[in-house]
Amino acid sequence: MLKKSVSIIILTILFIAPTSVFALSMPRTGSELADMSGISAKAYIVVNTETGQTLAAKNENMARVPASLTKLMTALVVLDTKPKLSKTVSMTKADQTAGACASSGVCIKAKAGVKFTVDGLFHATLILSANNAANALARSTGLAPEKFAEKMNEKARQLGALNTKFNEPTGMDPNNTTTAADYAKILAATFNNAYLKKITNLQKYTLRSSNNSKYNQVIKNTNKLLGDSDIKVLVAKTGYLDESRYNFAAMARYKNGPKLAIVVLGKEHLYSAFAETKLLASLAEDAQILAFANNQSIVLGTNITAGQ
């Protein structure tokens, strides 16, 4: 109801009473509309990837801890090395340690010597957000850890994510940094890769070990917006650390609207990160009307546009 009433009022102001004193109490930008609607994330951005227009944003250039959002960049860098997806990789103790598997880290069931394919590790990294899988996936390239991190930062610069820096591939390091505006570019690059796009849209996946069937396991997607009747999620990633709180980034369409890159950073609960993502998507049309009503120029982002 809020969305419909806001649209009606905005159009009334625009076409009937553009100089009305009542207009002073109305939001003039998508960001003001989002604030009025109760969006409380520490930072967020909504970009129409078909035009490059930023529809709403708050603290979009503020440095934030990406947590497991890091894993999309890990996947992009591994793909740049043109890996053989059927190649098998032996898990190591270092993977378990990097993933904090013995404590709070999200991990696939594994131990040193258990083998998975590169394809399986991609799925575990992106669907379950498994830290040990992400570390093994990065290691499968043959690059030393510091060299892999260097490649991640090179990729960020190529995508125009100039305020982003990664130290490792799992997202467990709170010294990794990004911004909502930067991450929208990383998200768009992921969307443009058909392989990664397909993986992130799977609700579950059967991960099989190539040498120990005891470690065959079903993993489930951490994205609870998959299958939502109003918003079609095309690519998404969740992330959490104590230092970041809950992050969620998604390329999505709300009903029949345009493709949107939505990045929500710093929510206290994952369910509220999902809820605010959906609300921001639903407000996109009204934000566009506000931009038109107030003669706002389109703000084009570098490498934000995504293909069909």
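**View 1. The largest pocket of the predicted model has a volume of about 340 Å³.** The search uses a 1 Å grid over the protein atoms alone, and a pocket is an open set of points where a 1.4 Å probe fits, with protein on both sides within 12 Å along at least five of seven lines. Grid points are joined across faces, edges and corners, and the volume is the space filled by probe spheres set on the points. The pocket is lined by 18 residues, each with an atom within 4 Å of a point. Closest to the pocket centre are Ser68, Val106, Gly239, Tyr240 and Leu241. Strand 7 (residues 231-241) gives the largest share of the lining, five residues. The lining has seven nonpolar, nine polar and two charged residues. Ala, Val, Leu, Ile, Met, Phe, Trp, Tyr, Cys and Pro count as nonpolar; Asp, Glu, Lys and Arg as charged; the others, Gly among them, as polar.

The model is predicted: local features need pLDDT of at least 70, side-chain atom pairs count only at pLDDT 80 or more, and totals for chains, interfaces and linings use all residues. Residues are numbered from 1 along each chain as its sequence is written, and side-chain values use heavy atoms, with hydrogens and water left out.

**View 2. Helix 3 (residues 70-80) and helix 5 (residues 118-128) cross at roughly 160 degrees.** Their axes come within 10 Å. Axes are lines fitted to C-alpha atoms, for helices over the stretch in contact, and angles run from 0 to 180 degrees between N-to-C directions. Helices (H or I, at least four residues) and strands (E, at least two) are DSSP runs, numbered from the N terminus. The two helices are therefore roughly antiparallel (an angle over 145 degrees). Helix 3 passes helix 5 in a left-handed crossing: the near helix is turned anticlockwise from the far one by less than a right angle. Lys71, Leu72, Ala75, Val78 and Leu79 of helix 3 touch Phe122, Thr125 and Leu126 of helix 5. Contact means heavy atoms within 4.5 Å. Six of these residues are nonpolar, one is polar and one is charged.

**View 3. Helix 5 packs against helix 6 (residues 131-139) at an angle of about 140 degrees.** Their axes are 8 Å apart. In helix 5, Val118, Leu121, Phe122, Ala124 and Thr125 meet Ala133, Ala134, Ala136 and Leu137 in helix 6. Eight are nonpolar, one is polar and none is charged.

**View 4. Helix 3 and helix 8 (residues 180-191) cross at roughly 45 degrees.** They are therefore oblique to each other. Leu72, Met73 and Leu76 in helix 3 meet Tyr183, Ile186, Leu187, Ala189 and Thr190 in helix 8.

Methods. Parallel < 35°, antiparallel > 145°, perpendicular 65-115°, else oblique.
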